[in-house]
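Here are my notes on this one, as numbered points. Have the structure open while you read.

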Amino acid sequence: MKQLLWWQKGMVGFVFGVLAFLYLPIVVLVVFSFNDSKVTSFPLAGFTWHWYQAVFANTQMLTALKNSLIVALCATGLTLTIGTLAALVLDRHEFPGKGLFRNAILLPLSLPGLVTGIAMLNFYKQIGIPQSLTAVVIGHATALLGVVVSQVMARLAKTDHRQLEASADLGAGPVETFFRITLPSIRPAILGAGLLSFTLSFDEIPVTYFLTGRDITLPIYIYSTLRRGITPEINAIGSMIVLVSLLLIILSVGLLRDRK
Amino acid sequence: MSSRPIVTLDGVTKSFGSFKALHETSFSIGEGEFVTLLGPSGCGKTTTLRLIGGFELPTSGKIGIAGQDVTQNPPYRRPVNTVFQDYALFPHMTVAENVAYGLTVRGSTVARSDIPGQVAEVLDMVGLSQMGGKRPGALSGGQKQRVAMARALIRKPRVLLLDEPLSALDVKLREVMQVELKRLHRELGITFLMVTHDQTEALALSNRIVVMEAGRIRQIGTPNDLYDRPFSPYVADFIGATNLIEARYLGREAEFDVIALPGGAHLRRKAAGNGGFHPGSTVLIGIRPEHLRPAGGENLLQGRVVDTLFHGDSIRLEFLPDGANQPAFAQLARGASLGAEDLMPGQPIRFAVAPEDVMLFAKVAA
């Protein structure tokens, strides 16, 4: 490799510094989850599984985790179904107001969750949706539509429409063409948008906070227990989430690489 | 057309918004024919093909295929299959899966167990028996072309529609595939309807050619008909090259039309059929470059040499006919009776033209 100049070395160093600043906190979190001490501070006091056992004994936390998973799964499923259909319609048909619709569907993403949350709370009350996990699912699914629609549309724009004609030409009706030609071609986009939606929904606080009733989700639970300081239990569940996220990322990269 | 019609268009038109892509068009194609729709881009040839394939529905008129009115039928309810211009292969399937697609669709009457055998047979027919396991992305242009053919042919269509099938290939490969197309047409006995803008391709492959321009059919005929008896300067110039020279019609003398060339000389043309030209009217005469023989005698076209281009087996001679404002071309066999000094720019030159090789058209105001 070519010898780097002093300022180039400096820039490489800067990049590594930024990376360290990003990932060091996560490393510290994982380390403290195995630390045999009630306080989250150095020096370390020895290895323990205790905090993980505590997580699995804490029914409140487990319920919150379960709620979060249910909300994220349902919201992702709902938003993927509606978003994919919307993208297909936007891609295939011309109608007045199409441009407006395409931009408007991205708006909830860029609005602060606080605003979206209050707005939805008001509106849902008017139309009779009570504060509940169902309301949270509907709220998340709506706000996340932009992610799915934009991803799937970008993918559809890249696929050759002649393939759909070829499929019809070879005797396949519209439904069969969708499942055998369109779906395989947009699968990576759906998978990617799904993973992103799941993550965004899983750790969402403001909208959830306004729309949920008595049920709480994991981020809200953690937020509320923080008033008593960071407990090693939170480090433990945090570490588990990091692990699961990592597995999901590896899985999705593997799935996407196989196509093409 | 000798056999019974398999495709009939009856007063078909197609508009996209205010643009009329196809004016009222009627023609039919006989069973087993190889017909070409020929014309420049935007002439309506691809629209016509897409109307027959069912990818567009006509604004008015009726389309029949194999004795059935299919005007409103979607593509999957028509006994035709298409080879698309960019092949439109399915990238997520192997070659064999692509080819098998038309047999695996719902409603296919072919038994699952028969599919591999038929796929192998069709792949063998197009010379790709070793390629079944590959993805389209790993194939060359010519191979993709063959897969597209195999995929369409496995459905045993009554008519095979080909949309500029060879336009994406380089010249050498195109010639190979032309021979291949002709062989498949002969062996399968299926009707072929091909769209192309390449007149040599159309002349080489078709039984009949439909020449189109600006959404209208200009002339339908065998390659020989179109070459020897074009109805219009447009067809004359599109099928092969033609020198078009503006002239004045003088009248008929026995079996000849007499035309005054711009330089004043008279030219005789063997009168054919209708005539219908008024003495004194402005006309266009057409003479093919290969029909100009450098010689003296009767029926002469005279001018001055502008330039010569060496073409290997022949010489292309550019000359300005006396009194004309546009140059004309002659194609001369190599070693013709002309010396190097005769071909110097500015030299006078004269060509004898047989009266039956002169084409005569009414001058249409542009």
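1. Start with chain B, which splits into domain 1 (5–234) and domain 2 (242–362). Bear in mind that this is a predicted model. The C-alpha centres of domain 1 and domain 2 of chain B sit 39 Å apart.

2. On confidence, chain B has an average pLDDT of 88, and 97% of its residues score at least 70. For the model, ipTM comes out at 0.81 and pTM at 0.78.

3. Which residues have the most contacts inside the largest nonpolar core? They are Val99(B), Ala150(B), Leu160(B), Leu193(B), Val211(B) and Ile285(B), in a core of 96 residues. Domain 1 (5–234) and domain 2 (242–362) of chain B each put at least three residues into this core.

4. Ile285(B) deserves a click. Leaving out residues up to four places away in sequence, Ile285(B) touches Ile245(B), Ala247(B), Ile259(B) and Leu267(B), and also Val358(B), Met359(B) and Leu360(B).

5. There is also a second, separate core, with 28 residues. Its members include Ala87(A), Ala135(A), Val147(A) and Phe210(A).

6. Now the annotations on chain A, which come from an unreviewed UniProt entry. The record gives "transmembrane region" for residues 12–34, 69–88, 100–121, 133–154, 189–211 and 234–256 of chain A. I'd look at two of these spans in the model. Residues 12–34 of chain A are 96% helix and 0% strand, with 33 Å between the end C-alpha atoms. Residues 189–211 of chain A are 87% helix and 0% strand, and there the end C-alpha atoms are 29 Å apart.

7. UniProt (unreviewed entry) lists "domain: ABC transmembrane type-1" at residues 65–252 of chain A. In the model, that span of chain A is 81% helix and 0% strand, and its end C-alpha atoms lie 22 Å apart.

8. Last, the interface. How many residues of chain A are in contact with chain B? The count is 16 residues of chain A against 20 residues of chain B. On the chain A side, α8 (161–169) and α9 (174–202) each supply at least two residues. The biggest share of that side comes from α8(A), with six residues. By type, the chain A residues that touch chain B are six nonpolar, four polar and six charged.

Definitions and conventions
Residues numbered from 1 in each chain as written. Chains lettered and ligands numbered in written order. Predicted model: local features only at pLDDT ≥ 70, side-chain atom pairs only at ≥ 80, totals over all residues. Contact = placed C-beta atoms within 7 Å. Helix = DSSP H or I, 4+ residues; strand = E, 2+ residues; numbered from the N terminus. Nonpolar A, V, L, I, M, F, W, Y, C, P; charged D, E, K, R; others polar. Core = buried A, V, L, I, M, F, W, Y, C linked by C-beta atoms within 7 Å. Buried ≥ 20, exposed ≤ 12 C-beta atoms within 10 Å, placed from the backbone. Domains from an automatic or database assignment. UniProt positions renumbered as here; feature names shortened; annotations may be inferred. pLDDT = per-residue confidence, 0-100.
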